[in-house]
Amino acid sequence: AHAIRIGTKFDQPLFGQQALGGKLTGFDTEIGRTIAGALGISPDQVQWVEAPSAQREELIKQGKVDLVVATYTINDKRRQQVSFAGPYYVAGQSLMVKSGNNTITGPDSLRPTKARVCSVQGSTPAENIRKYIDPDQLTVFDVYSKCADALRTGQVDVVTTDNVVLLGFVASSNGGFKLVGNTFTREPYGIGIRKGDIAFCTFINNALTQAARSGVYANAWKTTAGKVTTQTPELPAFDTCS
């Protein structure tokens, strides 16, 4: 029997990706295993549940997972339905294009170039990008891997989401993709839990603090997202548990 159920992404390289044989790798899954470990639960006792962007709140509210670690940006709208521990990382939205594309330089270049943009249903990046484009420029899928495929085959010109998620696709593109411009949003990633569970929120934050002190946090980064980024992040200041 599994002692804990953790929701994560199954298709996001470096953060939450299912390898052949079913093993999950990535920074989010390492953070999930760290929290489980603090509860005295071994990695093989964790049941992983796929948590696509648009399903995260429902999985938590319906009790299908105990927590969600899934590149999950903390915001006020989501806080109405769930509570968040953390943040454990702060990302920022960016743009990914084919390596040969030099016309797109950042969000302000999207409207003039009539670029076809891809993002994911129910995600903050899909909302954020709307102010830089006309409605007919946006395509949304349920998962980012479909956006990456559409970019590869030339059906879209740009994929937009958080920089670290895009870096995973760049890393596995054999030089086919690149990031352009700077990050243009601040995306604090939190751990979603049942609304109002302040005790669990406090416990998770303490576990993260311990992991940062002991080097477990830095090591989790270095073995995952750190493979394609030079800087190892510091654990951010936590929001108040509520």
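## Exercises on burial, rings and strands

In helix α6, the residues Asn-163, Val-164, Val-165, Leu-166, Leu-167, Gly-168 and Phe-169 are buried. Buried means under 20% relative accessible area, exposed means over 50%, and partly exposed lies in between (1.4 Å probe, protein chains only). Helices (H or I, at least four residues) and strands (E, at least two) are DSSP runs, numbered from the N terminus.

This is a predicted model, in which local features need pLDDT of at least 70, side-chain atom pairs count only at pLDDT 80 or more, and totals for chains, interfaces and linings use all residues. Residues are numbered from 1 along each chain as its sequence is written, and side-chain values use heavy atoms, with hydrogens and water left out.

**Exercise 1.** Find how many residues of α6 are buried.

*Solution.* Take the helix, residues 163-171. Seven of its nine residues are buried, and α6 is mostly covered.

**Exercise 2.** Classify the ring pair of Tyr-72 and Phe-84.

*Solution.* Start with the rule. Rings of Phe, Tyr and Trp (its six-membered ring) pair if their centres lie within 6.5 Å; planes under 30 degrees apart count as stacked, over 60 as edge-to-face and the rest as tilted. The structure holds 13 such aromatic pairs. The centres of Tyr-72 and Phe-84 are 4.9 Å apart and the planes stand at 70°, so this pair is edge-to-face. Tyr-72 is in the loop between β6 (67-68) and α3 (76-79), and Phe-84 is in strand β7 (residues 82-91), twelve residues apart. Last, check burial. Tyr-72 has 0% relative accessibility, so Tyr-72 counts as buried. Phe-84 has 1%, so Phe-84 counts as buried.

**Exercise 3.** State which residues touch the most other members of the largest nonpolar core.

*Solution.* A nonpolar core is a set of buried Ala, Val, Leu, Ile, Met, Phe, Trp, Tyr and Cys residues joined through side-chain atoms within 4.5 Å. The largest has 47 residues. Phe-27, Ile-31, Leu-67, Tyr-88, Tyr-89 and Ile-191 touch the most other members. Apart from this core lies another, of twelve residues, among them Ile-104, Val-117, Ile-133 and Leu-138. In soluble globular proteins, nonpolar side chains tend to be buried together.

**Exercise 4.** Describe strand β7 and its pairing with β13.

*Solution.* First, burial. Nine of the ten residues of β7 are buried, so β7 is largely enclosed by the rest of the structure. Then, pairing. Two strands pair if DSSP finds at least two bridges between them. β7 and β13 (residues 187-194) pair in the antiparallel sense over seven bridges. Within β13, Glu-187 is the bridge partner of Ala-91.

**Exercise 5.** Work out the surroundings of Ser-109.

*Solution.* Ser-109 lies in the loop between β8 (93-98) and β9 (117-120). The relative accessibility is 11%, so Ser-109 counts as buried. A polar atom of the Ser-109 side chain lies 2.6 Å from the backbone oxygen of Gly-106. Not counting residues up to four places away in sequence, Ser-109 touches (heavy atoms within 4.5 Å) Thr-103 and Ile-104.

Methods:
Polar contact = N/O pair within 3.5 Å; in protein donor to acceptor, adjacent residues only side chain to side chain.
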